[in-house]
Amino acid sequence: MKAVRELMKVFITRRIPQEGTKILSGATGVCEVSQWDSDEPVPRTELLKGVQGSHGLVCLLSDKIDVEVLDAAGPNLKVISTMSVGFDHLALDEIKKRGIRVGYTPDVLTDATAELTVALLLATARRLPEGVEEVKNGGWSSWKPLWLCGYGLSGSTVGVIGLGRIGMAIAKRLLPFGVKRLLYTGRTAKAHAAEVNGEFVPLDTLVSESDFVVVSCSLTPETQGLCDKAFFSKMKKTAVFINSSRGAVVNQEDLYEALKSGQIAAAGLDVTTPEPLPTNHPLLTLKNCVVLPHIGSATYSTRGVMSALTVQNLLGGLQGLDMPSELRL
């Protein structure tokens with residue numbers, strides 16, 4: 001009699017878009033799935049319980065996958081597939097040591113995140129949230145020459161910190177607004193910067209000469225807390241600061257002081273520390289600070305593609321096959 005092959009166990013830490021679940025339901029005979037069936041993050045105790053004995057784990061950016069989780073999963077764990085481009089929530093050294101493969105979702109969210117970053121920049125620089133509020137609260141009286149004036153991109157200098165996939169996509173979208181100079185900084189000069197006439201400059205030069213400073217680097221020990229008091233003190237008083245990378249790149253107390261004192265003109269953030277930002281946080285008391293709830297990749301199509309890619313990575317890892325987007329450890 002033919003032995004029945006045991007299905008591999010998979011734990012999914014959240015509800016994911018149907019594009020991914022459809023692929024999973026078509027993979028009968030490969031795995032049995034258990035899932036934290038909620039739009040809210042899985043509580044730590046449920047994560048540690050759910051992952052026990054799993055061969056595969058699908059997680060999100062908000063799930064901290066550390067030694068404790070890996071130990072709870074045990075020796076069966078072959079693959080971790082994260083529905084994100086970032087991976088600073090994963091204990092990569094430990095994961096590598098255990099020979100676990102990692103899938104992630106780069107590229108597919110580049111356009112959506114770049115679009116959102118440009119929207120955030122424009123909303124912050126042209127004071128759109130303030131304008132909407134004034135219409136609602138009766139502050140809109142007659143036309144006034146300097147009322148709600150902000151800063152335009154035409155003829156400006158834009159500085160991009162981190163000209164990777166997303167940084168490049170942001171630069172390409174900003175250029176048609178009439179940007180005069182595009183500066184960038186990073187570990188090395190990039191050949192593709194020529195496409196946007198990018199000038200590779202030291203960080204100090206970028207910070208002091210830019211009218212708009214856009215942060216799109218990854219979070220590393222070098223970039224953690226990069227945007228601090230010294231950083232903001234070098235910026236122009238008329239400059240606008242935008243961050244759509246990771247919250248921990250910014251010292252938020254120093255940003256608050258810079259905005260409150262008029263050291264810089266305004267800031268727009270799609271990422272914060274922590275997330276969600278407490279509603280009583282000082283930054284939320286400032287009119288010249290626009291904070292969004294980390295929605296960089298939030299288009300229906302992008303999240304659908306991310307979900308599908310996450311599951312394809314998972315199935316590749318479970319079956320010892322190629323993963324469409326494997327993180328090389």
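Is the crossing of α5 and α7 left-handed or right-handed? The crossing of α5 and α7 is right-handed; a crossing counts as right-handed if the near helix is turned clockwise from the far one by less than a right angle, and as left-handed if anticlockwise. This is a predicted model, in which local features need pLDDT of at least 70, side-chain atom pairs count only at pLDDT 80 or more, and totals for chains, interfaces and linings use all residues. Residues are numbered from 1 along each chain as its sequence is written, and side-chain values use heavy atoms, with hydrogens and water left out.

**Domains**

- The protein is divided into domain 1 (8-106 + 300-327) and domain 2 (109-291), with bounds from an automatic or database domain assignment.
- The C-alpha centres of domain 1 and domain 2 lie 33 Å apart.
- Eight residues of domain 1 are in contact with five residues of domain 2 (contact means heavy atoms within 4.5 Å).
- Between them, domain 1 and domain 2 bury about 620 Å², 61% of it on carbon and sulfur atoms; buried area is the accessible area (1.4 Å probe) that two parts lose on being put together, summed over both.

**Helices α5 and α7**

- The axes of α5 (residues 110-125) and α7 (residues 165-174) come within 8 Å and cross at roughly 50 degrees.
- That angle makes α5 oblique to α7 (under 35 degrees counts as roughly parallel, over 145 as roughly antiparallel, 65 to 115 as roughly perpendicular, and the rest as oblique).
- Axes are lines fitted to C-alpha atoms, for helices over the stretch in contact, and angles run from 0 to 180 degrees between N-to-C directions.
- Helices (H or I, at least four residues) and strands (E, at least two) are DSSP runs, numbered from the N terminus.
- Residues making the α5 and α7 contact include Thr113, Val118 and Leu121 of α5, and Ile166, Ile170 and Arg173 of α7.
- By class, the contact of α5 with α7 has seven nonpolar, three polar and four charged residues (Ala, Val, Leu, Ile, Met, Phe, Trp, Tyr, Cys and Pro are nonpolar; Asp, Glu, Lys and Arg are charged; the others, Gly among them, are polar).

**Helices α1 and α11**

- Helix α1 (residues 18-25) packs against helix α11 (residues 300-318) at about 30 degrees, with axes 6 Å apart.
- The two helices α1 and α11 are therefore roughly parallel.
- Among the contact residues are Ile23 and Leu24 of α1, and Ala308, Val311 and Leu315 of α11.
- The contact of α1 with α11 has six nonpolar residues, five polar and one charged.

**Backbone details**

- Thr273 and Pro274 are joined by a cis peptide bond, with omega about -10 degrees.
- Another cis peptide bond joins Glu275 and Pro276, with omega about 0 degrees.
- Pro274 lies in the loop between β11 (266-269) and β12 (289-291), and Pro276 is found in the loop between β11 and β12.
- Arg127 is not a glycine, yet has a positive phi of about 60 degrees.
- Arg127 sits in the loop between α5 and α6 (128-137).
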